[in-house]
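Here is a brief report on one protein model. Look at the sequence and the structure first.

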Amino acid sequence: MYRAVGAGKGCVIFVHGMHGDAASFRAFRTFLASRPEAEGMPILLFLFPANGSLSCGGEMLFHEVARVVRDPQRASFICH
């Protein structure tokens, strides 16, 4: 199975808040991309439907991380 983040690799996953969207983290993503220690690190964005409960959003995030990230324990989350 193809995974966007391979074995042994870390990543940063941005999780938007109630009124957030892809633009919510623009400044932080730009900053992170400029940092030498983040070079080559995948930066992912999780947008869950705003019409569902937080528990459903959490379950969706769990399944998406399992699907996309080979070693989820190496992921760092930034939530807004």
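The text below covers the sheet, the helices and the cores.

This is a predicted model: local features need pLDDT of at least 70, side-chain atom pairs count only at pLDDT 80 or more, and totals for chains, interfaces and linings use all residues. Residues are numbered from 1 along each chain as its sequence is written, and side-chain values use heavy atoms, without hydrogens or water.

Three strands form an open sheet in the order 2-1-3, with parallel pairing. Two strands pair if DSSP finds at least two bridges between them. Strand 1 and strand 3 pair over five bridges. Cysteine 11 stands opposite alanine 75 in strand 3.

Both helices below touch strand 1, strand 2 and strand 3. Contact means heavy atoms within 4.5 Å. Angles run from 0 to 180 degrees between N-to-C directions, with axes fitted to C-alpha atoms, for helices over the stretch in contact.

| Helix 1 | about 170° with strand 1 |

Which residues of helix 2 are buried? They are Gly57, Leu61, Val65 and Val68. Buried means under 20% relative accessible area, exposed over 50%, partly exposed in between (1.4 Å probe, protein chains only). The face turned away from the buried side of helix 2 carries the exposed residues Ser55 and Phe62.

The largest nonpolar core has eleven residues, including Val5, Phe46 and Val69. Such a core joins buried Ala, Val, Leu, Ile, Met, Phe, Trp, Tyr and Cys residues through side-chain atoms within 4.5 Å.

Conventions. Helix = DSSP H or I, 4+ residues; strand = E, 2+ residues; numbered from the N terminus.
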